[in-house]
Amino acid sequence: TIGGCLESLRNQRTDNAYEVIVADSSDDGTADIVAERFPEVRLLRFHERKFPGDARNAAIEAARAGIVASIDADCMAGDDWIEEILKAHADPSVAIGGAIGNAESRNVVCWAAYLCEFTEWMPGAPKKWMANIATANMSYKKRVFQEYGRYIEGTYGSDTDFHWRLGRHGHRLLWVPSIAVQHRSIGEFGKFLRHEFHHGMDCGRMRIRSQNFSRARRWFYAVCFPLIAVKLFAVVTARNLGNRTYLGEFLRASPLVVLGLVSWSIGELAAYVRPRYGTDRAQG
């Protein structure tokens, strides 16, 4: 997917100078694709696998501009993405994110995967303040990392931890829907369920670490884990009823959404029972 992502960044409609940095630790030929097809891109190559926060820290440190924006390799930016980011950063807010749409139109598994994770940032909602925004479409005034530290490393969920850290210092995140990307979601059923399980486990472990869960609190969450899927499905349903952009797709994919959220909750259970960090898997 890196080709589509970088093409979308190459084709930005802007007169402003910008640089594109790829922090890559994959072994699937991504570095060769970037070097051959996108010679203008600054490629940071790591031979050891890096967690997302670790890779982002390296890219942010290398960035020369006062505003840094992140996008995932499986996303494509709108052709006015950079212009909208710069326009939004006229606001004094230190952290500004945008809408994440679904690039797939027919595959019901793709819709379930998208709806399990991104309904909070669906297109169609008005500009608002939020406590957390996915780094698939996020931007910052670079000085914020000097003031409040880097993403935590060696684990997943470092973006959520960083945003919670900003919140504890009195900063809210501004969500601007005109800053838009399209996400390419997982289309294979088994891979979708495995992804939700691991995502839930990563979320649980990050919460334990960031919020200093006691042993008693961990076991309380473990005992109550069946309620996690119920709560998450209620939240996803409420968001789709309130923002009807993808309501038809939600109704069609809802049985798979339920299965995905159950898999997520089992992953959280695994985290509360066995709170180990940073060694199970890594992705660049």
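Residues are numbered from 1 along each chain as its sequence is written, and side-chain values use heavy atoms, with hydrogens and water left out. Because the model is predicted, local features need pLDDT of at least 70 and side-chain atom pairs count only at pLDDT 80 or more, while totals for chains, interfaces and linings use all residues.

**Exercise 1.** Determine how Tyr114 and Tyr246 are arranged, and which parts the pair ties together.

Step 1. Rings of Phe, Tyr and Trp (its six-membered ring) pair if their centres lie within 6.5 Å, with planes under 30 degrees apart counted as stacked, over 60 as edge-to-face and the rest as tilted.

Step 2. The search of the whole structure finds 17 aromatic pairs; in one of them, Tyr114 and Tyr246 lie 5.5 Å centre to centre with 85° between the planes, which is edge-to-face.

Step 3. Tyr114 belongs to helix 5 (residues 108-118) and Tyr246 to the loop between helix 10 (226-242) and helix 11, so the pair ties together parts 132 residues apart in sequence; helices are DSSP runs of H or I, at least four residues, numbered from the N terminus.

Step 4. Buried means under 20% relative accessible area (1.4 Å probe, protein chains only); Tyr114 is buried at 0%, and Tyr246 at 11% also counts as buried.

**Exercise 2.** Identify the ring over which the charged end of Lys128 sits.

Step 1. The criterion asks for NZ of Lys or CZ of Arg within 6 Å of the ring centre and within 35 degrees of the ring normal.

Step 2. The ring is that of Trp175, with the charged end of Lys128 5.2 Å from its centre.

Notes: Helix = DSSP H or I, 4+ residues; strand = E, 2+ residues; numbered from the N terminus. Buried < 20%, exposed > 50% of the residue type's maximum accessible area, 1.4 Å probe, protein only.
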